[in-house]
Amino acid sequence: ISFNDFLATLSSAYAIDKRQKQRSSMLEASQNRWSGRNTEISARGMIIAFMCDVAMMDASGGKRQIAELFREIYARHAFPAAAADANESIIKMMNNHRELRPIIDRYITGGEAIDLSPTLVSTGLELSGQQDGSLRTTAKPGSRQKTILDRLGYNNWRKSPKYLK
């Protein structure tokens, strides 16, 4: 997936989430995932995962990403000794990362409308307009923003065999 495809997918997910008239927490939505709102649930989940990824990178100076949390969850719960509520287990593990707590409170256990502004400031991304909500890189990202952009795949094209010659 190219970086532009990544931005287009996130932009679409954000637009879908913005159109939702009925807001609920991700926990409530996941319990009702068979109610025909799969697209809205997936879109909101994608945006929240992006926000968590950026929060972890921002807090660690680009050294930690959400993949670390996924590995931790899998390592701890791939073969559980006893049945546990998956949502409770994941939220408990996420709460170990202080930078994720506001996201948990507002969007995972809370049903607030998503505000991408704080996340975008950290990334060097911006919305091109309030109507279409397309994401694009800022004209002059700072060094910390460049680090996060690179971790998000901004310069992956440079690693392509086509350009390594």
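**Notes on the predicted model**

1. R76 and E72 sit four residues apart in helix α4, about one turn of the helix. Their side chains meet in a salt bridge, with 3.8 Å from N to O. E72 counts as partly exposed, because its relative accessibility is 22%. Please keep in mind that the model is predicted.

2. The structure holds six salt bridges in total. Another of them joins R44 to D17, the closest N and O atoms being 3.0 Å apart. R44 belongs to helix α3 and D17 to helix α1, so this pair ties together parts that are 27 residues apart in sequence. Both R44 and D17 are buried.

3. A further salt bridge is formed by the side chains of E99 and R64, at 3.2 Å from N to O. This pair links distant parts of the chain, 35 residues apart: E99 is in the loop between α5 and α6, and R64 is in the loop between α3 and α4. The cut-off for buried is under 20% relative accessible area. E99 therefore counts as buried at 19% relative accessibility, whereas R64, at 23%, counts as partly exposed.

4. Where is empty space left? Rolling a probe the size of a water molecule over the atoms shows this. A search of the whole structure gives one cavity of 30 Å³ or more. The largest cavity contains about 30 Å³ of space. Its lining is made up of Q20, Q22, R23, S24, A29, R37, E40, I41 and R44. By class, that lining has four charged, three polar and two nonpolar residues. The largest share, three residues, comes from α3. R44, one of the lining residues, is also the salt-bridge partner of D17.

5. The largest pocket holds about 480 Å³ of space. Of the 21 residues that line it, M26, G45, N87, I90 and I108 lie nearest its centre. Two or more lining residues come from each of α2 (26-31), α3, α4 (66-77) and α5 (86-94). The most come from α3, which gives seven. This lining divides into 15 nonpolar residues, five polar and one charged.

6. The second largest pocket has a volume of about 240 Å³. It is lined by 14 residues, and those nearest its centre are A55, E99, I103, P118 and T119. The elements that give two or more residues to this lining are α3, α6 (101-108) and α7. Here too α3 has the largest share, with five residues. Eight of the lining residues are nonpolar, two are polar and four are charged. E99, named above among the residues nearest the centre, is the salt-bridge partner of R64.

7. Which residues of helix α8 (residues 143-152) are buried? They are Q145, I148, L149 and L152. These residues cover an arc of only 100° around the axis, which puts them on the same side of α8. After α8 comes G153, whose phi is positive, near 110°.

Terms used. Residues are numbered from 1 along each chain as its sequence is written. This is a predicted model: local features need pLDDT of at least 70, side-chain atom pairs count only at pLDDT 80 or more; totals for chains, interfaces and linings use all residues. Side-chain values use heavy atoms; hydrogens and water are left out. Buried means under 20% relative accessible area, exposed over 50%, partly exposed in between (1.4 Å probe, protein chains only). The arc is that of the directions from the helix axis to the C-beta atoms. On a 1 Å grid over the protein atoms alone, a cavity is a set of points where a 1.4 Å probe fits but cannot get out, and a pocket is an open set with protein on both sides within 12 Å along at least five of seven lines; lining residues have an atom within 4 Å of a point. Grid points are joined across faces, edges and corners, and a volume is the space filled by probe spheres set on the points. Ala, Val, Leu, Ile, Met, Phe, Trp, Tyr, Cys and Pro count as nonpolar, Asp, Glu, Lys and Arg as charged, and the others, Gly among them, as polar. A salt bridge is a side-chain nitrogen of Lys or Arg within 4 Å of a carboxyl oxygen of Asp or Glu.
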